[in-house]
Amino acid sequence: MLFSLQETMRDKIYSPLSVENAVDARDAVAKILYSLIFHWLTERINAQVYPRQHSLSISILDIYGFEDLAFNSFEQLCINYANEYLQFFFNRIVFREELEEYSREQIPWQDITFNDNQPCIDLIAAKPHGILRILDDQSCFPQATDHTFLQKCHYHHGHNPLYMKPKMPLPEFIIKHFAGRVTYQVYKFLDKNYDQVRQEVLDLFIQSRNKMVSNLFLAHAASLGQQRGGHMRKSSSVTRKYQPPTVSSKFQQSLLELVEKMERSNPFFVRCIKPNNMKRPAVFEDELVSSQLRHSGVLETIRIRREGYPVRMPFYIFLFRYKSLVGLKQAPAANEENCIIMLSKLCPLRPGAFYIGVTKLFLKEDIYQLLECKRERSRQLAALTLQRYARMFFVRKRFIAFRKKIIGFQAQCRGYLLRKRYVKMRESLVRFRSYVRMYVNRKQYIKMKFEAKRKAEEERRKREMELTKREVVNVTHLVIPAELGALLQTASVRRELHADCLALLQAPHIQEDAQLTLPLDINNYPFYRYVQVHFREPKFGMLMAPLVLPLTKVEDDLRKEALELFNM
């Protein structure tokens, strides 16, 4: 890439390249390598996903975007030419579809004017003096330069309204595209159009250690050989030097093949708009968006559609879509009369606002927007009604569940209160019954006590009467202890009182018992009650005879000691 090779009959001449030519050679190698790898990759992908039946295939084409940069060169001219051609194809498709639609529905057709960019396409690529044709011709001359190319363009297109020469003698020209004016600088137009890799460079890459690169350049060299061979067969008997195809010719051929494929298919167009250059969400730059809409031909397409009837709806879809606005549950029969009746009920009609076709209803945009506004309002009210009933259902469901819980809670509370009241009433009843029983028992007790008192009084009276009946006998002999007799003698001042009736006896010996104690509750009883409890015969009068039994209630084995104690 640092030397150029020129072959003669006897020798090979190597000439060193300048820095600028070496950079161009390097760029050419990079471009051809990128092109071969890209072609190989697309071939591999198509081999895997391309269907056998072409009629069932779906292709996606990412078309060029219109470019107007600060410095526009040969690349921008090719890209903008492709945009011009595709816009021409798009306008033709839209116009043809409009014409077919109007003819099929038997609607009167009026000429629709639109900006035809066929003159711009002819300016760029028409034979024999199109800009790209002049560029190809200049590429065949060794002495041609960018300046000679520019002069040729000025000479052939100086009076074309789509072509403009600069006011100053600058190496540039201006073309009025459908999207706007673009200024092109002719610097290196010829070099970029030629863009051929020398044979020695191809041979070098064929010998590459990378098998993939080597195979790619082998296939490329074989295709170049076939092209040279075909050119030799097609030429006349006079031997002509082979001219390899230029970049512009290959680009035009590729574009024509693409358009032919698109014409054989059923194309659908999707326009992508970049909202801003900062790549930020929800930010739209008005100038940027409007320029993209204008450059992509969307504004022109909208203008074409607006001149006719942009809204086309089949009868059944129209009747079904707007039947709710007139209060119909089922769509009527899909015919012209029902469409007119429904449309007259929905909006005021004016001449030219609609047209009835064979199977479709054609509407202007304002009529369609009015219908959609009413339908949207109706749908909004229906949605609000549906939401209202849905909310009512859920609220009612929650209310019923809540009321059920409240009823259960009330039942629990009432049961608790009734049980509490019952317990209180039961306690009161038990207390009342106890009071009644106490009153009755007290009354019976008083009655029994009165009867016992009465009986005791009667018994006492009987005993007193019996005691009164007893005779009092003078005691002549009284057995007293000797100690008592000594005390009596002492009291009588050494005189013996009743000596004739006293018999002195030795006091019996009573064994002491340390465990004998008085009752613990002796102080709680009156003496009379104590006597009644502990004495055998509490009411006795004068003794008629010596005691045989003890006066107190004692056990049998203690009777003798008790009697002796009493006598003492």
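Is Ala 282 buried or exposed? Ala 282 is exposed, with a relative accessible area of 77%. That residue gets its own close-up below, alongside several others from this predicted model.

**Figure 1. The whole chain, before zooming in.** We're looking at a predicted model of a chain with 17 helices and ten strands. Of its 568 residues, 25% count as buried. The chain exposes about 42,900 Å², and carbon and sulfur atoms supply 58% of that area. If you take the contacts between residues at least 6 apart in sequence, 55% of them join residues at least 24 apart.

Figure 2. How accessible is Lys 279, and does it count as buried or exposed? Its relative accessibility is 80%, so Lys 279 counts as exposed. For Ala 282, the relative accessible area is 77%, over the 50% cut-off, so this residue is exposed as well.

**Figure 3. Helix 2 running alongside helix 9.** Here helix 2 (residues 74-104) meets helix 9 (residues 247-264), with axes that come within 11 Å and cross at roughly 20 degrees. An angle under 35 degrees counts as roughly parallel, so helix 2 and helix 9 are roughly parallel to each other. Their crossing is right-handed. On the helix 2 side, the contact is made by Phe 74, Cys 78, Ile 79, Tyr 81, Ala 82, Tyr 85, Leu 86, Phe 89 and Arg 92. Helix 9 brings Val 247, Ser 248, Phe 251, Gln 252, Leu 255, Leu 256, Val 259, Met 262 and Glu 263. Sorted by class, the contact of helix 2 with helix 9 has 14 nonpolar, two polar and two charged residues.

Figure 4. Which residues does the cis peptide bond join? Lys 127 and Pro 128 are the pair, with omega at about 0 degrees. Pro 128 belongs to the loop between helix 3 (118-125) and helix 4. Leu 123, Ile 124 and Ala 125 of helix 3 make the contact with Ile 131, Leu 132 and Arg 133 of helix 4. These residues divide into five nonpolar, no polar and one charged.

**Figure 5. Helix 4 against helix 5.** Helix 4 (residues 131-139) and helix 5 (residues 146-157) pack at about 140 degrees, and their axes are 10 Å apart. That makes helix 4 oblique to helix 5. The crossing of this pair, helix 4 and helix 5, is right-handed. Helix 4 meets its partner through Ile 131, Ile 134, Leu 135 and Gln 138. From helix 5 come Thr 148, Phe 149, Lys 152, Cys 153, His 156 and His 157. By class, the contact of helix 4 with helix 5 splits into five nonpolar, four polar and one charged.

**Figure 6. His 157 and its surroundings.** Now zoom in on His 157, which lies in helix 5. With 8% relative accessibility, His 157 counts as buried. Which residues is His 157 in contact with, leaving aside neighbours within four places in sequence? They are Leu 123, His 129, Gly 130, Ile 131, Ile 134 and Tyr 163. Take Gly 130: it's 27 residues from His 157 in sequence, with 8.7 Å between their C-alpha atoms.

Figure 7. Skipping neighbours within four places in sequence, Ile 174 is in contact with Leu 162, Tyr 163, Met 164, Arg 181, Val 182 and Thr 183. One of these, Tyr 163, is eleven residues away from Ile 174 in sequence and 5.8 Å away in space, C-alpha to C-alpha. Tyr 163 is also one of the residues in contact with His 157.

Definitions and conventions: Residues numbered from 1 in each chain as written. Predicted model: local features only at pLDDT ≥ 70, side-chain atom pairs only at ≥ 80, totals over all residues. Heavy atoms only, no water. Axes fitted to C-alpha atoms, helices over the stretch in contact; angles between N-to-C directions. Helix = DSSP H or I, 4+ residues; strand = E, 2+ residues; numbered from the N terminus. Parallel < 35°, antiparallel > 145°, perpendicular 65-115°, else oblique. Left-handed = near helix turned anticlockwise from the far one by under 90°. Contact = heavy atoms within 4.5 Å. Nonpolar A, V, L, I, M, F, W, Y, C, P; charged D, E, K, R; others polar. Buried < 20%, exposed > 50% of the residue type's maximum accessible area, 1.4 Å probe, protein only. Areas by Shrake-Rupley, 256 points an atom, 1.4 Å probe, with all protein chains shown as cover.
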